[in-house]
Amino acid sequence: MSNREWAESQLAEVELLTSMFPGQDELELTDQLALADLRSYVENSSSGDKPPPSRPRFFIKQRLDSSVLNGTEFILSCAYPSEYPSVLPEITVRKSLIGSSLT
């Protein structure tokens, strides 16, 4: 894949995620400038142009509401390397108990 194809894939994935998680309480893009640079590169660059150095980073936040996991929240943090999707992204998952404890 070329730099442009990597950038197009990254932008398409971010746009899909923003349609799936429209509120900032579920999806938080942590670097709007990186996203704007990526979009500009995809829309306005020629094949020889270098991609922007920064890449989008985002958090997906979800709360699990079931009888066993009531109040458990997890946050998935993701950062794209420049060669994503050919190279796996950096992903971190954190969880916390908000409400009652597990029994």
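I looked up Glu 28 and found it partly exposed, because its relative accessibility is 24% (buried is under 20% relative accessible area, exposed over 50%, partly exposed in between, with a 1.4 Å probe and protein chains only). The model is predicted: local features need pLDDT of at least 70, side-chain atom pairs pLDDT 80 or more, while totals for chains, interfaces and linings use all residues. Residues are numbered from 1 along each chain as its sequence is written, and side-chain values use heavy atoms, without hydrogens and water.

I then checked the partner of Glu 28: a salt bridge joins Glu 28 to Lys 61, with the closest N and O atoms 3.0 Å apart (a side-chain nitrogen of Lys or Arg within 4 Å of a carboxyl oxygen of Asp or Glu). Glu 28 lies in strand S1 (residues 27–29) and Lys 61 in strand S2 (residues 57–64), 33 residues apart (strands are DSSP runs of E, at least two residues, and helices runs of H or I, at least four, numbered from the N terminus).

I searched the whole structure and got three salt bridges. Another pairs Arg 4 with Glu 8 at 3.3 Å, N to O. These two are four residues apart in helix H1, therefore about one helical turn.

I noted a salt bridge between Glu 15 and Arg 39 as well, again with closest N and O atoms 3.3 Å apart. Glu 15 sits in helix H1 and Arg 39 in helix H2, 24 residues apart. Glu 15 is partly exposed at 38% relative accessibility, and Arg 39 is partly exposed at 28%.
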